[in-house]
Amino acid sequence: MHEGIEDFTMPGDEQARVAAEALRMLADPTRLKLMWALLQGEENVACLADLTGARPTAVSQHLAKLRLAGLVTTRREGTFVYYSVSDHHIRPLVEQALSHAAHVTDAPGPAR
């Protein structure tokens with residue numbers, strides 16, 4: 001059946017595993033909010049906690065998971081650690097997920 005589809009390719013096992021892991025990490029409301037905030041620019045835990053309404057300890061735990069998954073990177077400046085999105089490919093994932101949610105809930109979409 002797929003033989004008739006021009007340029008059809010199936011993702012490899014490793015590619016599918018990595019993509020599924022990224023989606024799994026984004027499948028948490030707090031982490032999704034953190035990623036949205038980080039798409040606006042790098043930030044530290046205290047500011048991210050304020051933006052998301054989560055406790056700083058919870059934010060730190062979420063950021064650690066996102067960092068282990070390769071979705072965020074860190075930069076140290078003195079005693080502060082700043083987080084940022086590790087890859088520009090993450091932006092459309094987050095934007096599409098939030099846009100879909102806005103459509104389903106009749107809420108305004110995410111503003112950039």
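How do β2 and β3 pair, in the parallel or the antiparallel sense, and over how many bridges? I looked it up: β2 and β3 pair in the antiparallel sense, over 6 bridges. Pairing here needs at least two bridges found by DSSP between the two strands.

**Ground rules.** I am working from a predicted model, where local features need pLDDT of at least 70, side-chain atom pairs count only at pLDDT 80 or more, and totals for chains, interfaces and linings use all residues. Residues are numbered from 1 along each chain as its sequence is written, and side-chain values use heavy atoms, with hydrogens and water left out.

**Overall layout.** I get 5 helices and 3 strands for the protein chain, in the order α-α-β-α-α-β-β-α along the sequence. Both kinds of element are DSSP runs numbered from the N terminus: helices are H or I with at least four residues, strands are E with at least two. The C-alpha atoms fill a box of roughly 60 × 35 × 20 Å along the principal axes. Of the 112 residues, 29% are buried (under 20% relative accessible area; exposed is over 50%, partly exposed in between, with a 1.4 Å probe and protein chains only). I also checked contacts (heavy atoms within 4.5 Å): among those between residues at least 6 apart in sequence, 52% join residues at least 24 apart.

**Strands.** Back to the opening pair. I find a hairpin of β2 and β3 with 2 residues between them, and Gly 78 in the turn has a positive phi of about 65 degrees. Val 72 has Val 85 in β3 as its bridge partner. On β1, I count 2 bridges to β3 (residues 80-85), and these strands also run antiparallel. Glu 43 stands opposite Tyr 83 there.

**Helices α3 and α4.** At what angle do the axes of α3 and α4 cross? I read roughly 105 degrees, with the axes of α3 (residues 45-52) and α4 (residues 56-68) coming within 9 Å. That makes α3 roughly perpendicular to α4 (65 to 115 degrees; under 35 is roughly parallel, over 145 roughly antiparallel, the rest oblique). The axes are lines fitted to C-alpha atoms over the stretch in contact, and angles run from 0 to 180 degrees between N-to-C directions. Val 45, Leu 48, Ala 49 and Thr 52 of α3 meet Pro 56, Val 59, Ser 60 and Leu 63 of α4.

**Salt bridges.** How many salt bridges does the whole structure hold? My search gives 5, taking a side-chain nitrogen of Lys or Arg within 4 Å of a carboxyl oxygen of Asp or Glu.

- Arg 75 bridges Glu 42, with the closest N and O atoms 2.4 Å apart. The pair links distant parts of the chain, 33 residues apart: Arg 75 sits in β2 (residues 72-77), Glu 42 in the loop between α2 (29-39) and β1 (43-44). Arg 75 is partly exposed at 33%, and Glu 42 is partly exposed at 34%. I also see Glu 77 linked with these two in a network of salt bridges.
- Glu 21 bridges Arg 24 at 3.0 Å; both lie in α1 (residues 13-26), 3 residues apart, about one turn of the helix. Glu 21 is partly exposed at 26%.
- Arg 91 bridges Glu 95 at 3.3 Å; both lie in α5 (residues 90-105), 4 residues apart. I have Arg 91 as partly exposed at 21%, whereas Glu 95 counts as buried at 19%.
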